[in-house]
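User: Hey, can you walk me through this structure? I'd like to begin with a single residue and then look at how two chains meet.
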Amino acid sequence: MSNDFKPNIVGFLCNWCTYAAADLAGQSKFDIKPSINVIRVMCSSRIDPNLVLGAFLWGADGVLVAGCHPGDCHYEKGNFYTRRRFTQMKKVLETLNLDPDRLQLAWVSASEGQRYRDVINAFTDKIKEMGPNPLKPNPAV
Amino acid sequence: MDENTNNNVLVIGAGMGGIQASLLLAEAGKQVYLVEKEPLFGGNVIKYEEVFPNMECSTCMIAPKQQEVLQNPNIELMTHSIVEDVQGSVGNFSVKIKKKARYVSLVNCIGCGACYDPCPVSLDNEFEQNLSQKKAIYIPCPGALPNVPVIDPEYCTRLKGVDECSACKDSCMFEAIEYDQKDEILDVKVTAVIVATGFGLFDITAAPKYGYGKVKNVYSAFEFERLFAKNGPTEGNTVLKGGENPNSIAIIHCVGRKELGYCSGVCCMYSYKFSQYLKHSFPDAKVFQLYSDMCVPGKSYQKFYKQTMDKGVDFIYHEDVEVKGNGSKIKLNVKNGKDKDQELEVDMVILAQSLKSTESNSELAKILGIEQDDKGFFVSMTESFEPASTAKPGIYVVGCSEAPKDVPQSIAQAEAAVGKVLALT
Amino acid sequence: MSDKIGVYVCECGPNIGEAIDIDKVIEAISPIEDVAVVRRHKLLCSGDGQNFLVDEIKNEGLTHVVLGACSPKDHEITFMNVATRAGINPYLIQVVNIREQCAWIFKDKDIATKKAIKYIRAGIERIKYHKPLQKKELDANPDVLVLGGGLAGIEAALALTQTDRKVYLVEKSADLGGSVMKFEKLLSHQGFNLGLIKEKVDKINSNENIEVLTSTNVESVIGFFGNFEVTTKPAGEEAGGKSFIVGAVVVASGYNWFDLESTPRYGYKKIEDVFTINDFGRMIEESEKLKLSTGKEPKSIALVHCGGRKELGYCSRVCCMQMMNIGNYIKDKYPGIEVHELHSDLCVSSKNDQKYYEKSKEKGINFIRMKGVEVGGKAGAISIEYTTLAGDKGKLAVDMAVVAPGMIPEAGTPQVADMLNVPLHPTGFFKEGHEKLNPVGTTMDGIYVVGCAQGPKSFMETLIQAQAATGKIFSHLIPGKKIEPEVKVSEIIEAFCTGCQTCLDVCFYGAITYDEDKGVSVVNEAICRGCGNCAGSCPSDAIRPKHFTTTQLYQEVVEALRE
């Protein structure tokens, strides 16, 4: 089954760094796996844990939160808050019986188009190995 | 409005200083002509992957500012352009700007990049310190702004009259290629002029002891910046000429200090940054810093030096050094103030060059009627406590065009010049 | 009125047109509820394309527009202007990135088409929850408070003077002039014409747009950019305070000296004839003569650099030049006196400094590079023991020593920072808004920090910073002009807010306060920058960052996952 499985990943990208990196990856015409579904936010710290859990409950096989490298935040320190919230979210995933590795945090700066490609493609492969999200609502229902 | 007054300001040079000055002037309602000689803008900072002392991503820092410039209706950015003549006096300068033909329409081009591949001509990419090739129609690096290519008329076979090649035009769906574009002269009136022409680096071929150009794997500071840059010729994989990663690297400080007669104030810091780049990519590599005076002024910089030291970088005091090839290795003879010279063997050498004035300054000094010092930097009125003003009213000098500076000092001086310009009216 | 959404897909020539099957997109999008029209266009960002959109919005009576096009980083502002031209609110436009993040990265046309449909659908579902957002304009007071009457404060106050702007210059001591005036002879010797400072002080005192409040402390500053309420109090008195409104604050509160007494190795206050730069400056201000405690003229003087550098953990930037200046002063006035400069790293980073150093050497000043030093002995026979770089020990006998203490933050800096709600650097100096990009700003709009209040600075750097703050104020705070705060700010839904105040802690800009009466948090829209960190932290989902609300983002999540 693993070959047929096409993961669906929700990616929350900060406007200033990672979203810009995603654009740069496009300008560089990199091949990126279509698992990624980008949602733009102003800062990674905007990501409310509810949005992440909501994504999993709606069937996301993986969720990526990506922003500026620590120390580079456009809003001083937003990404430090993101990092802290992240640790907590991972714990919540465990209680839901979800592999916490389905949630990934990545720092990708605006010049790192190739890193953006690598992050997306590697995360996709990892999710592929894990298989579909067990919480995914059954489409037949 | 009075016939003899206008609301315009000319800013020469679109690096950090010029950008900041333009944005502030535009916000105050001035109409800004921002003239940049290169086909892209952003100055030297866009060549860097990260900046000291917080190792911030340089692009993330400057790209939003560049976007603001591009979208600001009060700023007319003229890349690939030079100021040819300035007449008049404060409040009423007449300026001639030459917009060099780009051969690509800034209006029609959407930056898709479809034109590069078909171009049959390849040449060294100067922006990448000739470490990679570009086509005769090119943007210097991915992410360059404005994202519109330029055709190099010295290499394009069609523009040289060699043939009728139209490969780029054929590939462009937007009618953006304009072979018949001509240089344009633009006449504008401005009240004041801010000069922000930036810096160059000490010419290392003038100091043979460093072995540059003769000894393999001796790199200039900008070459190394690009070798580490994620949007650079190797996508950030720092490799030696043979394609392998370096295991031992020596970074030589104060290259040009003696010859130029001043300390540039930033090379120590950028050398530590280089060490941090290297330790990040190659944690096991040996990194040596050959320093003379640690120039770490102010509240933050010494901490950066300590951080660098903590990463396992070796610091060696040197008064002089000689760089020689030794098979595939590089041998350094270090005069360290002791009786006997120290010897070092490494496989990569990076030269931390001093900052110098740009060559175009002398032409500009003549055009503007302002003074240069014996080092080619513009002279500001420090004696009368006006460090951003020149002796000629209405003309201001900021950033490294006035003296070597770091980014925040350049920005502060640009803001100071804006204060002076806005006080005129 | 029900929504009428127009969806326009830009071909961007072949960039989208060839990579994505736009007909299929149109077919998939057309049946979606509230979608009134779906059309394609060659190039929406072109002049033709923009006019086409304006006509479409007007002719079709569209309420919302979704554009499948390039990155919003390229043309969001272009299309927002199109909306305004067509008479709809610019926030009722959504640019969906199907070029950089779709057409250009998915090389399989079928995949790219499916993804484009998904993204556009998400844009449609999202825009149904968009609210028209209005630019706000706030009245702003153009007056400025300058805190500190030293070199930086004097320069800023005078430079800020304009006809329609009042400047309040508050100085806690009795006189303007600050520390530079204490070094008149030394600085003059270095070529600084301090007469210019005196002229500036005179101009300030006679300028009716500047109100000088000496022997005065600032008690409180409350508010935000364009509207700070300031109260002052005369030093040492209870009554007689003033209160006034300003639009901006320039902090120029200066620096202090490292306490050499705390470090026994300098022998300061234990050995007579061991001085600080300050003491030396005072001595020559009082009388030209250099005198030892015995009343005699010294024969040899050691100038010891880097006092406290190790303890402080930073280089104070100006001491090398100050010490060389003292060396030159002595050599010029008393050529017979031996001068030794014991320095570590020479900090000569301004373009003429190194030349000065070389001239100093030519004058016969003996420069000794050391990595450690101890001042011992007794008056009349002061001994300087030092370690060279090579590790050798050296010793000097002198009859006077001057030690350069490093610069430290002025006492009271933490209180001022607290009052202004601006952060400090780990060294205790004020922290700049951004170490690279915003050297004289702070994280609070309208509050600027200049000169040595934010770290060791040279004379010229201080002047530049004072003028820089002036430039920023002239640019941002223009008399008679309103200020426009960020539109996409956070708002708090009072009904959901439990008053836990978590958001107050996470807001780096101090934009959120707590309303005790209502028991809820309140966002000050003039300060908020719209990062949304507060929303990420709110446990009761009471915070809505405008244009990035949970509902809007949630629509995007749901559409991303629709099979």
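User: Where is A:Asn79 placed?
Analyst: You'll find A:Asn79 in helix H3 of chain A, which covers residues 78-95. Keep in mind that this is a predicted model.
User: Is A:Asn79 buried or exposed?
Analyst: A:Asn79 counts as buried, because its relative accessibility is 1% and the cut-off for buried is under 20%.
User: What does the side chain of A:Asn79 reach?
Analyst: It reaches the backbone oxygen of A:His69, at 2.9 Å. Leaving out residues up to four places away in sequence, A:Asn79 also touches others, including A:Ser44, A:Cys68 and A:Trp107.
User: OK, new topic. How many residues do chain C and chain B put into their contact?
Analyst: Chain C gives 65 residues and chain B gives 66. Between them they bury about 5,300 Å², with 58% of that on carbon and sulfur atoms.
User: Which residues of chain C lose the most area to chain B?
Analyst: Those are C:Lys351, C:Lys436 and C:Leu437, and together they make up 17% of what that side buries.
User: How many salt bridges are there between chain C and chain B?
Analyst: There are 5. One of the salt bridges joins the side chains of B:Asp293 and C:Arg369, at 2.6 Å from N to O.
User: Which element gives the largest share of chain C's side?
Analyst: That's H15(C), with 13 residues on the side that touches chain B. By class, that side of chain C has 29 nonpolar, 19 polar and 17 charged residues.

Terms used: Residues numbered from 1 in each chain as written. Chains lettered and ligands numbered in written order. Predicted model: local features only at pLDDT ≥ 70, side-chain atom pairs only at ≥ 80, totals over all residues. Heavy atoms only, no water. Contact = heavy atoms within 4.5 Å. Buried area = accessible area lost by both parts, 1.4 Å probe. Salt bridge = Lys/Arg side-chain N within 4 Å of Asp/Glu carboxyl O. Helix = DSSP H or I, 4+ residues; strand = E, 2+ residues; numbered from the N terminus. Nonpolar A, V, L, I, M, F, W, Y, C, P; charged D, E, K, R; others polar. Buried < 20%, exposed > 50% of the residue type's maximum accessible area, 1.4 Å probe, protein only. Polar contact = N/O pair within 3.5 Å; in protein donor to acceptor, adjacent residues only side chain to side chain.
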